[in-house]
Amino acid sequence: MMRTPASALLRGSRWTVSAATAVALLLGGAGVSGASGAAPSGVPDGPVSGVPGAVRLAEFTWEKVTEAVSADGRTVYLVLTDVVGGRQGVYLSTVDTQTGTVRARLPLGDPAPYGRPALSPDGDRLYVGVGSAVYVIDTATNTVKAHIAAPAQQLPAGWTPGAATSLATDPDGETLYVGQSGPSGPAGQEEPGRILEFSTGDQEFIDQTAVTAHTVNDLAVLPDGSSLYAGTNLDLLRLDIRTGLGTAKVVDPGAKDELALSPDGSFLLALGSVRTYSVGIGLDTGTDKVRYLMKYGSGYFEYHHPAMNTDGSRVYLLGGPSYTIPVPLYTLVPGENRFDQSVRLSVPETYIHALATGPDGHSLYVTGCVYSDSAKGCFLRTLQI
């Protein structure tokens, strides 16, 4: 599907492809049992729940850990910096939620910025942005099918290309949207970033549009495929994507860098602000009106990693005062703009990198790390609510 809206970089031009059965307890190692394979026989009709416990991912990682959960709930895909066989780099770890094992680790290049992976609607492909490129991974075989570099950015001498780390697919899986930060200079200079459109069938970039912000932090596509929301380090943006990317429109000023969209697309939760860490908005996507303003607390108090449940009735967040241990889990009821105090869970890891809800509606998957001498490592922790 080739689009040629006014925002296309080059009309008629196309960018082509470049080339243990038991759940591990906290601080217990999870075995790697080879490549990921087909689901076992007798798979239930609905998605399965994850078995509570913690799976060791890495002895040490100096970057974040990001994650995505398969539609059947049997697999969590995690991207992290790791050292495997003496090789330092970015890896994709595939975790079996039923056995607590890391089924496979797949190298995705040298250390570079990376983002949260995005699954295709049918679950056959996983997309990961690493550096200024996108990896296309076959989830059945856990192999890299393609490694596509983003179109070249105009770079002054000595500058570094931006990272293409924000990803979101459209509902039919034909298009992948990629947020790429702008180039960076050696003295801290920054240029504006952009949003790219990638054809998953042709495996090439076909369109782009500029944004005023340097960093595109998160993307969300409405279920009807009509609009794309982008949280940046300056503003929350909306793009009409029915006929191409077009021009980004500011919906709400201030950085809204972590997004959670309800399954029906009617509600968007956006966290973060350039003015204060302790603010967020609840947006009605039908009107782009702010339904309510979230105020978290006084002082250095943050919520992060918003994860919507399967029916949009709850949003789970991790956070609190800086360096609180254990990290408390909060439950927001969007329709009533209140926190449900009956859910009282917490996570023992010091640094939390990601939170995702399972498709069963009861499992929460949290990735976190601890860096103390007595308990150093990164983990995937499964909680039941």
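This is a predicted model: local features need pLDDT of at least 70, side-chain atom pairs count only at pLDDT 80 or more; totals for chains, interfaces and linings use all residues.
Strand E1 (53–58), strand E4 (87–96) and strand E29 (376–384) each supply at least two residues to the lining of the largest cavity, where strands are DSSP runs of at least two residues labelled E, numbered from the N terminus, just as helices are runs of H or I of at least four residues. By a cavity I mean, on a 1 Å grid over the protein atoms alone, a set of points where a 1.4 Å probe fits but cannot get out, whereas a pocket is an open set with protein on both sides within 12 Å along at least five of seven lines, and lining residues have an atom within 4 Å of a point. Residues are numbered from 1 along each chain as its sequence is written, and side-chain values use heavy atoms, with hydrogens and water left out.

Which strand gives the most to the lining of the largest cavity? That is E1, with three residues. The lining of the largest cavity has eleven residues, and Val51, Val55, Thr97, Gly100 and Thr382 lie nearest its centre. The volume of the largest cavity is about 60 Å³, a volume being the space filled by probe spheres set on grid points that are joined across faces, edges and corners. By class, six lining residues of the largest cavity are nonpolar, four polar and one charged; here Ala, Val, Leu, Ile, Met, Phe, Trp, Tyr, Cys and Pro count as nonpolar, Asp, Glu, Lys and Arg as charged, and the others, Gly among them, as polar.

Now to the cysteines: a disulfide is a covalent bond between the sulfur atoms of two cysteines. Counting a pair of cysteine sulfur atoms within 2.5 Å as a disulfide, we find one disulfide. Cys369 and Cys378 form it, with their sulfur atoms 2.0 Å apart. The torsion about the S-S bond of Cys369 and Cys378 is about 105 degrees, so the disulfide is right-handed. Are these cysteines buried or exposed? Cys369 and Cys378 are both buried, where buried means under 20% relative accessible area, exposed over 50%, and partly exposed in between, with a 1.4 Å probe and protein chains only.

Let me turn to the second largest pocket, which has a volume of about 270 Å³. Its lining has 13 residues, of which Gln153, Gln154, Pro192, Arg194 and Gln208 lie nearest its centre. The largest share of that lining, three residues, comes from strand E13 (residues 204–210). In the loop between strand E12 (194–199) and E13 sits Gln203, whose phi is near 55 degrees, a positive value in a residue other than glycine.
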